[in-house]
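Please keep the sequence and the model in view while reading.

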Amino acid sequence: MKAEMTNQAQDWVSLLLAGLGISFAPHEFLGGMFLALAVASLLARHRKDPRKIWAALGTAALAAILAAVCWDMGGWDFVPVQLVMAAAGVLGRPAATVLVALQDRLEQRSTELADRAIDRVLPDDENGNGGGGVY
């Protein structure tokens with residue numbers, strides 16, 4: 001048992017999976033991650049914006065990791081973990097659309113938000129000059 005644990009501790013993928021709370025084999029996890037990223041890239045391929053492709057891949061990876069953790073805790077042994085992770089990869093595209101829309105909205109309002117923050121921290125003095133402090 002001790003020798004087996006020593007061999008497992010030398011593999012960084014096994015250590016990463018143990019840190020995530022996943023107890024199944026690394027090759028199953030990597031296969032599921034590959035399928036999740038493949039599904040996300042196929043769904044996001046027709047997008048012209050590279051931000052959406054990268055956001056879709058990132059959110060698909062996160063969804064696949066969460067699905068793997070839930071599969072490991074939930075006792076869903078009748079469904080292969082790779083299938084659950086691939087199905088979670090489908091969530092990458094709609095999540096990427098939301099993230100990119102949020103980024104665009106923040107970019108449009110960034111000047112207004114920055115002005116509000118500066119006005120709150122440094123209000124105008126009585127002469128109408130910005131800065132609010134004594135010089």
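Read from the N terminus on, the elements of the protein chain run α-α-α-α-α-α, and the chain has 6 helices and 0 strands, where helices (H or I, at least four residues) and strands (E, at least two) are DSSP runs numbered from the N terminus. This is a predicted model, in which local features need pLDDT of at least 70 and side-chain atom pairs count only at pLDDT 80 or more, while totals for chains, interfaces and linings use all residues. Residues are numbered from 1 along each chain as its sequence is written, and side-chain values use heavy atoms, with hydrogens and water left out.

**The chain as a whole**

- Of the 135 residues of the protein chain, 24% count as buried, a term that means under 20% relative accessible area, with exposed meaning over 50% and partly exposed lying in between (1.4 Å probe, protein chains only).
- Among contacts in the protein chain with a separation of 6 or more, 62% are between residues 24 or more positions apart, contact meaning heavy atoms within 4.5 Å.

- An α-helix has 3.6 residues a turn, so residues three or four places apart point the same way.

**Helix 4 against helix 3**

- Helix 3 (residues 26-44) and helix 4 pack at an angle of about 145°, with their axes 9 Å apart; axes are lines fitted to C-alpha atoms, for helices over the stretch in contact, and angles run from 0 to 180 degrees between N-to-C directions.
- Helix 3 passes helix 4 in a right-handed crossing, where a crossing is right-handed if the near helix is turned clockwise from the far one by less than a right angle, and left-handed if anticlockwise.
- The contact is made by F29, M33, A36, L37, A40, S41 and A44 of helix 3 and by I53, A56, L57, A60, A61, A64, I65 and A68 of helix 4.
- By class, the contact of helix 3 with helix 4 has 14 nonpolar, 1 polar and no charged residues, with Ala, Val, Leu, Ile, Met, Phe, Trp, Tyr, Cys and Pro counted as nonpolar, Asp, Glu, Lys and Arg as charged, and the others, Gly among them, as polar.

**Helix 4 against helix 5**

- The axes of helix 4 and helix 5 (residues 81-89) come within 8 Å and cross at roughly 145°, and helix 4 passes helix 5 in a right-handed crossing.
- Helix 4 contributes A60, A63, A64, A67, A68 and W71 to the contact, and helix 5 contributes V81, V84, M85, A88 and G89.
- Sorted by class, the contact of helix 4 with helix 5 has 10 nonpolar, 1 polar and no charged residues.

**Helix 4 against helix 6**

- The axes of helix 4 (residues 50-74) and helix 6 (residues 92-121) come within 8 Å and cross at roughly 125°.
- That angle makes helix 4 oblique to helix 6, given that angles under 35 degrees count as roughly parallel, over 145 as roughly antiparallel, 65 to 115 as roughly perpendicular and the rest as oblique.
- The crossing of helix 4 and helix 6 is right-handed, and the contact is made by R51, K52, A55, A56, T59 and A60 of helix 4 together with G92, R93, A95, A96, L99, V100, Q103 and D104 of helix 6.
- By class, the contact of helix 4 with helix 6 has 7 nonpolar, 3 polar and 4 charged residues.

- A40 is found in helix 3 and is buried, with a relative accessible area of 1%; leaving aside its neighbours within four places in sequence, A40 is in contact with A56, L57, A60 and G89.
- A68 lies in helix 4 and counts as buried at 0% relative accessibility; its contacts, leaving aside neighbours within four places in sequence, are with I22, F24, F29, V81 and M85.
- I22 has its place in the loop between helix 2 and helix 3 and is buried, with a relative accessible area of 5%.
- The C-alpha atoms of I22 and A68, 46 residues apart along the chain, are separated by 7.1 Å.
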